[in-house]
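The sequence and the model come first, and the notes follow by topic.

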Amino acid sequence: MPVASVARRLGVAPSTLRTWDRRYGLGPSRHTDGRHRRYGPADIGRLELMQRALLRGASTAEAARYALEQMPKSGPPPPPESPQPAEGPRFAVQALNPETVAQTALRIGTPDGELVLPAGERDGPSRQARRLSTAALAMDVGAVQRMLAELIARAGVLDAWEGVIQPVLTALGARWRGNRAGAEVEYLLAECVFAALIRATPVLSEARNHRPVLLGCVPEERESLPLYALAACLAERRIGTQLFGVPLPAEVLAVAVRRSAPAAVVLWAQRPGVADVRLFDRIARGRQRSRMFAAGPGWDEPALPGKVELLGDLRNSVERVEYVLLGARRISR
């Protein structure tokens, strides 16, 4: 493949590939007829390994060395130049594991361990995650928005969130632990995801549930993207919701529940120590009965009232809410 095609495949500029070739020897291994050199499968494999290392937070020189160690060329690579400033933000993450290179998986370090995205087909989750991360790191808003729209249109919100969006958000967010330098990438991606989820949530002319599902954050909670993902997934199944993405004071939330008379209430808490389990007793007062759910890692499950059910991940949440409200899922024809 010529340099322009490889650059498009990897989501980088052709000049970046030429720089990697000149500095680290990660260029085409062979010459072909004509003036231009072509990248073979092994050359592209090395570049993909380098990108995985960069995604994990390695410097450019470290990532290049790692790729050449895992897939050596027939001849010794040229020695790297004197240390150069890292291309883009520098991140502090765990060291690379040599066993990472099954050459089929993309592994992303997170505070809770390592996320593994199976590679699968040519345009599978790992490739999509790599392209999305590259566009976000380049602050290319247009590319990020297009990728998210295409991904959701092709895979649906649930698979897009689980396979690509959430792992990339988690991996990028984990890179700034107390150091906000470079956090603009995280904020940019979050804003683009927010807009994409809003666009993916249709206004239902006729919902399957007669009373809505009220979705809200606990007071003082600032992370609401998972709620928007839940609303979009429920809308795909024609389940109507009433979403409060901005955290409401407890008294306002209680009034909203009483006036909406929802069939179910889902309260999201991301950060431990922010959620107060007494909030459920406060919003449950009155004659109208609503099913109560807690969602998110911020809840202390043993402290939850007996009438409150703790939901799991997004898929579990969608399926559980649908089952509780409507029974078995109705398959559209």
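**A buried serine and the salt bridges**

S260 is buried, with a relative accessible area of 19%, where buried means under 20% relative accessible area, exposed means over 50% and partly exposed lies in between (1.4 Å probe, protein chains only). The model is predicted, so local features need pLDDT of at least 70 and side-chain atom pairs count only at pLDDT 80 or more, while totals for chains, interfaces and linings use all residues. Residues are numbered from 1 along each chain as its sequence is written, and side-chain values use heavy atoms, with hydrogens and water left out.

**Surroundings of S260**

- S260 is found in helix 10 (residues 250-260); helices (H or I, at least four residues) and strands (E, at least two) are DSSP runs, numbered from the N terminus.
- The side chain of S260 makes a polar contact with the side chain of Q242 at 2.4 Å, a polar contact being a pair of N or O atoms within 3.5 Å, of which, within protein, one must be able to donate a hydrogen and the other to accept it, and residues adjacent in sequence count only if both atoms are side-chain atoms.
- When residues up to four places away in sequence are not counted, S260 touches P212, L214 and Q242, with contact meaning heavy atoms within 4.5 Å.

- The structure holds 12 salt bridges, each defined as a side-chain nitrogen of Lys or Arg within 4 Å of a carboxyl oxygen of Asp or Glu.
- One of them joins the side chains of E48 and R130, at 4.0 Å from N to O, and this pair links distant parts of the chain, with E48 in helix 3 (residues 41-56) and R130 in helix 5 (residues 125-137), 82 residues apart.
- E48 counts as buried at 15% relative accessibility, and R130 counts as buried at 6%.

**Salt bridges between partly exposed residues**

- D159 and R315 meet through their side chains in a salt bridge of 2.7 Å, N to O; because D159 lies in helix 7 (residues 157-174) and R315 in helix 12 (residues 314-326), the pair ties together parts that are 156 residues apart in sequence.
- D159 is partly exposed, with a relative accessible area of 41%, and R315 is partly exposed at 28%.
- A network of salt bridges links D159, E162 and R315.
- The side chains of D281 and K307 form a salt bridge at 3.3 Å, N to O, between helix 11 (residues 278-283), which holds D281, and the loop between strand 6 (291-295) and strand 7 (308-310), which holds K307, 26 residues apart.
- D281 is partly exposed at 39% relative accessible area, and K307 is partly exposed at 44%.
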